Every structure is written in structure tokens, then in C-alpha cells.
Amino acid sequence: AASSSSSVVMTTSWLTLDRCANCGSQDASCKKCGACLAVAYCDRECQSTHRALHREECDAVVAMRRADDDARAFTLAMQ
């Protein structure tokens, strides 16, 4: 992964939301990351363990969603 958020490499694109991003166990009851909604975890322990690896990507996904929301709001305001 890259060191700056402007060049973040998305590392979890192969994951599905029914598979834990940390341990890989497949479970339909996995809970999504509350911030980015892009990865899921089978329990809090796995989420906590994976957080250091996920943090930069999570922040980038959240920033992209905010920028997209801001752009939509601006477009609607200009109509």
C-alpha cells in the first residue's frame, strides 16, 4: 500500500461482505465496517486486529464518498 492517501491502493477489492476481512471466514452474519461499509468482520476481535491494515483504505473510501456527496449537492443546488 502507498504511504500517502492520494495514492492509496485498494487492498480489499477481492473481499465480499459475507467474508471476514481479517480471518477470511465466510459467514452471512458478518458486520460491515461502520465507516466505509466496504469490508466486513465476523466479530469485534477481528475488526480490532485488522484496523491498522484497514485504516488508510477506510479513510480514503470515506473521503471519496464525501466528495461524491458534495459534488451531487453542488449539482442539485445549481439546477
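**Entry 1: histidine 54**

I looked up histidine 54 and found it buried, at 2% relative accessibility; buried means under 20% relative accessible area, exposed over 50%, and partly exposed in between, with a 1.4 Å probe and protein chains only. Histidine 54 lies in helix α1. I listed its contacts (heavy atoms within 4.5 Å). Not counting residues up to four places away in sequence, histidine 54 touches Cys33, Cys36, Val39 and Tyr41.

**Entry 2: what kind of model this is**

I noted that the model is predicted, that local features need pLDDT of at least 70 and side-chain atom pairs pLDDT 80 or more, while totals for chains, interfaces and linings use all residues. Residues are numbered from 1 along each chain as its sequence is written, and side-chain values use heavy atoms, with hydrogens and water left out.

pLDDT is the predictor's confidence in each residue, from 0 to 100. The chain averages 80, and 80% of the residues score at least 70. I found pLDDT under 50 over residues 1-14, for which the model has 19 contacts beyond four places in sequence. Confidence is highest in β2, at 94, and lowest in α1, at a mean of 89.

**Entry 3: layout**

I counted one helix and two strands, in the order β-β-α from the N terminus. Helices (H or I, at least four residues) and strands (E, at least two) are DSSP runs, numbered from the N terminus. Of the 79 residues in the chain, 25% are buried.

**Entry 4: helix α1**

I checked the span of α1 (residues 44-78). Its 35 residues would reach 51 Å as a straight helix, but the end C-alpha atoms are only 43 Å apart. The expected span is 1.5 Å times one less than the number of residues.

Where does α1 bend? I found a bend of about 65° at arginine 51, taken as the angle between axes fitted to the seven residues ending there and the seven starting there.

At the start of α1, a side-chain oxygen of aspartate 43 comes to within 3.2 Å of the backbone nitrogen of glutamate 45. The buried residues of α1 include Cys46, His50, Glu57 and Cys58, and the buried residues of this helix pack against β2 (40-41).

Aspartate 18 sits in the segment before β1 and is partly exposed, at 29% relative accessibility. Its side chain makes a polar contact with the side chain of glutamine 26 (3.2 Å). A polar contact is a pair of N or O atoms within 3.5 Å; within protein, one must be able to donate a hydrogen and the other to accept it, and residues adjacent in sequence count only if both atoms are side-chain atoms. Leaving aside neighbours within four places in sequence, aspartate 18 also has Ser25, Asp27, Ala28 and Cys30 among its contacts.

Is glycine 34 buried or exposed? I found glycine 34 exposed, with a relative accessible area of 67%, in the loop between β1 (31-32) and β2. Glycine 34 and cysteine 58 are 24 residues apart in sequence and 9.8 Å apart in space, C-alpha to C-alpha.
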